[in-house]
Amino acid sequence: MDVKTGVSEIIGLDGTLSSTQFFHTALSFLDKWKRFNLSLPPWIWVQFPKHHFISSHNNVEGYLSLENICFNKFTEEEESNRSSTSKEESNTSHGEEELFDYATLVQSNCNEVNHYDFHIVYSPSYRVPVLYFRAYHTDGQPLSFNEIEKDLPGHSSKLLSESKWTFITNEEHPYLNRPWYKLHPCGTSDWMKLLFHGDTSLNKNGFGIEQYLVSWFSVIGQVVGLKIPLGMMDTVVANHS
């Protein structure tokens, strides 16, 4: 299937994706991540046999996986110092794009490090991408939700309490059949539709499909501390200008 096919399905109707469109936007996302996120491992496409509810022979079923990302656990003193440093950097950056919170997303010599696995899975019921994740200690023991909340960026607590599409639930992973956390997709199609309708540059030359997952993750990723470099957002614009 041509990536340009079905652009009107995203932009003109309800902000959703077909499973085939998800596969194509996932490939675009993989390529951009490898080029602009050299400090982190690459996402990989994990292919699975088709589920019975997918009837089209053209669909390629699977999910995106980014695993063993480490979050350092800070003491109260370290957290206070980190907050002060962040404020100072904010005052001197003059609006420069923050790429990643390197204080939390790099492996270090700390004794206590929490590990996270992230999967981006297509939801056939909501017809949008869904972020699944699990968290565990170095010894493999799963983190409690209270421990996970301490690892999330400071702004996430506010988002989780105010935004209908970012609340976290604990559900069975659709492929692995084990409990994982996920950011619930309720409302995702609404704000994706608004995003694509609000930017006419996203409506040209198949750009909607190619850039869909990058645009989606630029919002969703921030909830768990993963931010997209501005270059990932600019690449397709430059290619089509």
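I began with arginine 35 and looked up its partner: arginine 35 forms a salt bridge with aspartate 31, with 2.7 Å between the closest N and O atoms. I count a salt bridge where a side-chain nitrogen of Lys or Arg is within 4 Å of a carboxyl oxygen of Asp or Glu. The model is predicted, so I take local features at pLDDT of at least 70 and side-chain atom pairs only at pLDDT 80 or more, while totals for chains, interfaces and linings use all residues. Residues are numbered from 1 along each chain as its sequence is written, and side-chain values use heavy atoms, leaving out hydrogens and water.

I then placed this pair in the secondary structure. Arginine 35 and aspartate 31 are separated by about one helical turn, because they are 4 residues apart in helix α2 (residues 19-36). Helices (H or I, at least four residues) and strands (E, at least two) are DSSP runs, numbered from the N terminus.

Next I checked accessibility. I use buried for under 20% relative accessible area, exposed for over 50%, and partly exposed for values in between (1.4 Å probe, protein chains only). Arginine 35 counts as partly exposed at 43% relative accessibility, and aspartate 31 counts as partly exposed at 39%.

I moved on to the strands. Arginine 134 forms a salt bridge with aspartate 117, the closest N and O atoms being 2.9 Å apart. Arginine 134 belongs to strand β4 (residues 128-136) and aspartate 117 to strand β3 (residues 113-123), so the pair ties together parts that are 17 residues apart in sequence. I noted arginine 134 as partly exposed at 33% relative accessibility, whereas aspartate 117 is buried, with a relative accessible area of 2%.

I looked at another strand pair. Glutamate 171 and lysine 182 meet through their side chains in a salt bridge (3.1 Å, N to O). Glutamate 171 is in strand β5 (residues 168-172) and lysine 182 in strand β6 (residues 179-183), so this contact ties together parts that are 11 residues apart in sequence. Glutamate 171 counts as partly exposed at 30% relative accessibility; lysine 182 is buried, at 8% relative accessible area.

For the total, I searched the whole structure and found 4 salt bridges.

Last, I turned to the cysteines. A disulfide is a covalent bond between the sulfur atoms of two cysteines. I required a pair of cysteine sulfur atoms within 2.5 Å, and the structure holds 0 disulfides. I recorded cysteine 70 as buried at 4% relative accessibility, and cysteine 186 as partly exposed at 32%.
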